[in-house]
Amino acid sequence: MIRFVFLKLARALLTILLVMTFAFVVLRLSGDPAQIMLGPDAPQDAIDAFRARWGFDDPLWRQYLAYLGQILRGDFGVSMRDGSAAIDLVMERVPATLALTVPALVLKLAIGIPAGVYAALHRESIADRGVIMASIFGFTIPSFVLGLVLVLIFSITFDLLPSGGQDTWRHAILPILTMSIGGIGILARFSRSAMIEVLGQPYIRTAMAKGLPWRDVVWRHALPNAAVPIVTLVGFMLGSLIAGAVVVESIFSWPGVGRLIVVSVANRDLAVVQCLLLVIAATMVIANLLVDFTYGLLDPRLRSARPAH
Amino acid sequence: MTPLLQTRGLVQRYVTGKSLFGEADTVRAVDGIDLSVREGEILGIVGESGSGKSTLGRMLLGLEVPHQGEVLWQGRPMPSPRTAAWRELRAQMQLIFQDPLAALDRRMTIGAQIAEPLEIHDIDRANAADRVAELMDRVGLRPDQARSYPHELSGGQRQRVVIARALASRPRFLVCDEPVSALDVSIQAQVVNLLRDLQERDGLTMVFISHDLKVVRNICDRVAVMYLGRVVEEALSDRIFSDPRHPYTQALVSSIPKVGQGLEGRIILPGEPPNPACRPSGCAFHPRCRAAVTACAATEPALEHHDGRLAACLCLSEREAA
Amino acid sequence: MAFVSIRDLRVAFSGVPVLHGIDLDIARGEAVGLVGESGCGKSVTWLAALGLLPGKARVTGSVTLDGEELIGASRRAVEKVRGARIAMIFQDPSSSLNPVHRIGRQIGESLALHRGLRGAAARAEAIRLLDMVGIPSAAKRIDLYPHEFSGGQCQRIMIAMALAGQPDLLIADEPTTALDATIQAQILDLLARLRHETGMAMVFISHDLGAVSSICDRATVMYAGRIVERAEIGALFRAPMHPYTRGLFDAIPDLDAERARLAPIEGTVPDPKALPAGCAFSPRCVRANGFCRMEEPDLKPQPNGGEVACFYPIPAPQREEAFA
């Protein structure tokens, strides 16, 4: 078990390192930050000074080693725009993003899974068809279209909710809705097929043949097995808690991590973008670890590969 | 006369539970097999799951490279996989296995699938259509079925398609791995008869792997019984079933439910075949053997001649010495 | 009166009939074999009787248990019968146990449901049952998961679970088909012993005529959703009357006779969507004539005590000759 945890952690750290390296190289090969920061008309000596100030004159490998050294010391660099610490810039945006993504995730789970399970239990009923249609609708509409439609209806036509900004809880309603509808559709669809698959398994027939009431067959025998594939998808959603709101934050001018990504990338604010990618990669990796450990809890077959006899 | 196919000390092992830090377990799925198959004969390999019979079959065809030992084709070592010589040899040896639906491509007509080996091995390309018709006739399929897809045929017909396809490259040697196990009794007999005809009419040589002893008894000339990767008894089919000598073979033969005979007189073995990863010491069968003596736990019995057969059992050797 | 009585049981999947009116009686304590090839309806009969078929199946007819009707009964009423009066075990033991629950818990569920046992009492009883079906060191292994047992052991656990409700009838649906020969023998032995010890009745569904003949008192042969023949085991195996039953016997290689060519039944089992007119076996039958292809034979009592659904059953002299 300890070896298992150790291996998983090692793999997680390796993943983060790869993301960091990739981001570092790509960012440096895809445009000159000095040009972008100082503008196309900047004098050559200003550009040279900028480059020397941020260390862009060194060879790439030396810059990279310096960067790794900094990270190990807990220094994530400073923004080239205003000199404030990159990690502070990122962290102060995180709560605003979580204020959207966490409620959205709760909505996805609370509506998507029950709807999918209900549809699977009542196959080919009107409710099942309704769930299928609604979920297709949910995950085929891109969020920028959905966001604009919601604004059109609730803000412009009926003037019920604000169309942007972050002043009150009412401002969060439309972004949260926009974000959750697609996820609800995907989860409903996925839970439905996971559940249908499980209900067709021989052990469900065994549980019924035993004389268990249908409720218990569903709760004790079907759901724990259907949970395994559903957890994978939920883990993926958990991983995008930080980075999953780029489009929605832009539509509703919500000052979260997503907006920071857009602005920093456009400005080639290297330290901030790298720091953002690091935080995002860490979230995904942690979500993945959680999924792996949950698998072990849910399915004893995944705990050890070796049979006991 | 040189046997068509021969194995010498064939061993296959697999690594299980491989990991970065832990020690890997190795399982010897096949553990020292010496067999020979004469031209035109059908050799049966019987054994339960985990006995290594399918692994052996794949090694005979060169689909798996043995860990130790060698397979000789007409007295010469098998060329290494994926070389030109190997491909040429592969045309002469074909595999038929249990699940015909898995062996066929769902999106191709069966005519096209039977013709495929002709293209691959570049045989009879000019009159491929005639050759397909001839092959289909030989396995008992109607000519109009060439345009059908696998799902339109029954299980028995699909197995006939698989056999026709295997015959397309004019092989001399077939390995049939549980070819009739997935089929219903009445259909099973049709396919068994077909395989028998191929041997009798065309002189095809076969290795027939199965757990169905009745079918093996019917179609095979000679039978080798495997237990945990080794041959424990080998004899002519009639002899091994009418007079099994190894205690495992005896139990196996007696376990066949016979019509009109109750449960009396059967040898019920205790326990289950052990995991090949933890092979018992001495004779691997001794923990379940009713004839076992103390020495069986210590000494590995060799496969020796006993009364017109080969058997690996200490008790048999002792009885003869006495 | 029969303990379980099935009358004119019919099943259709999405409008395609697969069971065309089955009549079957099971008396207390007897062992009845149900024989036939895949798709003949032998499993469907009992899945339908216990309400275990998926929703798209339409079931009509009558199944009574001590006079109580099960077809069309409330879900609760049928659930009370399952496991307690009639238990069922299946072909593929490894996937018939829930992979995420310990076996002790899965047996305990039945004990709680049918005998009100919980906690330590349930655990002790579960261990006793596992011992009874021959799981070695049951007390230690009760907390293992299904994947930690072999196929043969999983079938033993399934049997222990079935025994937990102390049923009057055990339906064993191809219980040994997926197992190796020596393990098959063990399970057959176990089933015969348990029936002897508990006095429960048993329906043994199998395509293996040898297995059926070794543990059943009488047998019923099915073809394409109908019963074609039934008789005492001895009579049936000595002198089968229906050409299909006879064909099945002939198709099985004999261990003692010459290694001759086998005698298969030509053709294939008909598609339930396109059943032939008249007797469903007529296209494959060597004895059939034009009449057989138009009229459907009913199951009729025969002088030897059996019943057969055939216009031209195999007469006695020819049978003796065949088995001489």
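## The interface between the two domains

Domain 1 of chain A and domain 2 of chain A bury about 1,200 Å² between them, with 76% of it on carbon and sulfur atoms; buried area is the accessible area (1.4 Å probe) that two parts lose on being put together, summed over both. On the domain 1 side, A:Ile16, A:Leu27 and A:Ile36 lose the most area to domain 2 of chain A, and together they make up 39% of what that side buries.

This is a predicted model, in which local features need pLDDT of at least 70 and side-chain atom pairs count only at pLDDT 80 or more, while totals for chains, interfaces and linings use all residues. Residues are numbered from 1 along each chain as its sequence is written, chains are lettered from A, and side-chain values use heavy atoms, with hydrogens and water left out.

## Domain layout

Domain 1 of chain A covers 15–72 and domain 2 covers 96–302, with bounds from an automatic or database domain assignment. Their centres, taken over C-alpha atoms, are 37 Å apart. The contact (heavy atoms within 4.5 Å) takes 16 residues from domain 1 of chain A and 12 residues from domain 2 of chain A.

Between the two domains the count is 0 salt bridges, a salt bridge being a side-chain nitrogen of Lys or Arg within 4 Å of a carboxyl oxygen of Asp or Glu.

## The domain 1 side

Helix H1 (2–29), helix H2 (33–38) and helix H4 (60–72) of chain A each supply at least two residues of the domain 1 side that touches domain 2; helices are DSSP runs (H or I, at least four residues), numbered from the N terminus. H1(A) gives the most, with 8 residues.
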